[in-house]
Amino acid sequence: MTFSEQPAIANTPSDTDTVPGVATPLTQTVTAAADRSSQAPYLRIENVRKTFGKFVALKDIYLDVYPGEFVCLLGPSGCGKTTLLRIISGLEQQTQGRVLQGGKDVSHLPPSMRDFGIVFQSYALFPNLSATQNVAYGLQNQKVPKAQIETRVSELLDMVGLGGMGHKYPAQLSGGQQQRVALARALALSPGLLLLDEPLSALDAQVRIRLRAEITDLQRRLGITTVMVTHDQAEALAMADRIVVMDKGYIAQVGTPHSVYQHPTSPFVANFIGVMNFLDGVVEADDTVRCGNILLTAPHNTVPPGQAVVIALRPEDMRVIDTPSATLVPNQVKAEVLGREFLGAGYRLDLTLEGNARQPIALEISANRARAMGVESLTALTIQLPPEMIRVFPKENP
């Protein structure tokens, strides 16, 4: 068994017979500072680069993670997010750059000398040990007194909702329960940093939704600095204080879930986070973009006139105009309904714009609005592309 497959919990060894933090009340609530810019980062990634032969997996990564913060590394497969997490944990060695934790350079320390707990996608529980024994594993290795171990394990199992189930073995537990055991084990030594490697991806949808809420609540209560890898945008939006969007080995954007969703800085981020409409256009003036023969007001545009651009707008941000009035509603256009998709809570309408643009666009409306409009028989409608919601990006060369 390789180290990466083992359910090991790395933690800096103590100079005493007990482990600092073991007796800390689990119900302690830590409130993150409103302004993190005044804090020193707990985890700092400085100019980290990783190559495998000629392949560059990470390109000069800089990232600060602050005390008590929950940060998600989000991106498609192969973007470098898991490689970065493994470098933070010491399971992978960076080609260049430094990793600092709590002000200490841990760049070249082995995993066993770093202060973190980790939860793997595959749970990595010992199948021949009970839930209690799995959680106690790291404490026993640190030679914590037996009475402290029993108290700590009992508290942890209660905390993750498995009180009274410590006698069960992994094969007797559901996937969600196994992941709770893995989480309790990662927290057993009160690590300064919690690393989560796609911890929910192997679970069913409903279990995943429930467990992500539980993990977020637990992280807030404990105030533990957490870095999670995921390719699931819904997970990142629901759980993170900040999202680090990665693509092809570099960081594309860092921000709060709201800012990354509402203010993407590139077409890649706009397309990866949520659903986005893209229209081809040309900048006509500082705040005007032409799409075919349609002129759209775009007050957030920063691209100079004459340049080809991509116009981005989310389906839920568009509005249906019941009473068309070109003088009162800016960016009002007619559209033909090509198709409709029932989403449960509403409908997504596939449209094509009027005029010679003929570009496809999707619009989402609530179920109540759809019924009022008679959406099943709609063939055409008037919509508004709200100026304040339009994002304009320079068109990239193919």
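**Entry 1: methionine 389**

I began with methionine 389, which is in contact (heavy atoms within 4.5 Å) with Gln262, Ala312, Leu313 and Asp317, leaving aside its neighbours within four places in sequence. I then looked up its place: methionine 389 sits in the loop between β19 (380–384) and β20 (391–394). Helices (H or I, at least four residues) and strands (E, at least two) are DSSP runs, numbered from the N terminus. I also noted that the C-alpha atoms of methionine 389 and alanine 298 are separated by 8.3 Å, with the two residues 91 apart along the chain.

A note to myself on the source: this is a predicted model, where local features need pLDDT of at least 70, side-chain atom pairs count only at pLDDT 80 or more, and totals for chains, interfaces and linings use all residues. Residues are numbered from 1 along each chain as its sequence is written, and side-chain values use heavy atoms, with hydrogens and water left out.

**Entry 2: cavities**

How many cavities of 30 Å³ or more are there? I found four. A cavity is a set of points, on a 1 Å grid over the protein atoms alone, where a 1.4 Å probe fits but cannot get out; lining residues have an atom within 4 Å of a point. A volume is the space filled by probe spheres set on the points, which are joined across faces, edges and corners.

The largest cavity has a volume of about 60 Å³. Met389 turns up again here, lining the largest cavity together with Tyr261, Gln262, Pro264, Met276, Ala312, Leu313, Arg314, Asp317 and Arg391. I saw that α7 (257–262) and β14 (308–313) each supply at least two residues of this lining. By class, the lining has six nonpolar, one polar and three charged residues. For the classes, Ala, Val, Leu, Ile, Met, Phe, Trp, Tyr, Cys and Pro count as nonpolar, Asp, Glu, Lys and Arg as charged, and the others, Gly among them, as polar.

**Entry 3: α2 with α3**

Next, the helices. Helix α2 (residues 131–141) packs against helix α3 (residues 146–159) at an angle of about 130 degrees, and their axes are 10 Å apart. Axes are lines fitted to C-alpha atoms, for helices over the stretch in contact, and angles run from 0 to 180 degrees between N-to-C directions. That angle makes α2 oblique to α3; under 35 degrees counts as roughly parallel, over 145 as roughly antiparallel, 65 to 115 as roughly perpendicular and the rest as oblique. Which residues of α2 meet α3? I listed Thr132, Val135, Ala136, Leu139 and Gln140 in α2, meeting Ile149, Arg152, Val153, Leu156 and Leu157 in α3. This contact divides into seven nonpolar, two polar and one charged.

**Entry 4: α4 and its partners**

I turned to α2 and α4, which pack at an angle of about 25 degrees with their axes 7 Å apart. They are therefore roughly parallel to each other. Ala131, Asn134 and Val135 of α2 make the contact with Val181, Ala184 and Arg185 of α4.

Helix α4 (residues 175–187) also has helix α5 (residues 205–222) beside it: their axes come within 11 Å and cross at roughly 20 degrees. That makes α4 roughly parallel to α5. From α4, Gly176, Gln179, Arg180, Leu183 and Leu187 meet residues of α5, including Val207, Leu211 and Ile215.

Conventions
1 Å grid on protein atoms, 1.4 Å probe; cavity = no way out; pocket = protein on both sides within 12 Å on 5 of 7 lines; lining within 4 Å.
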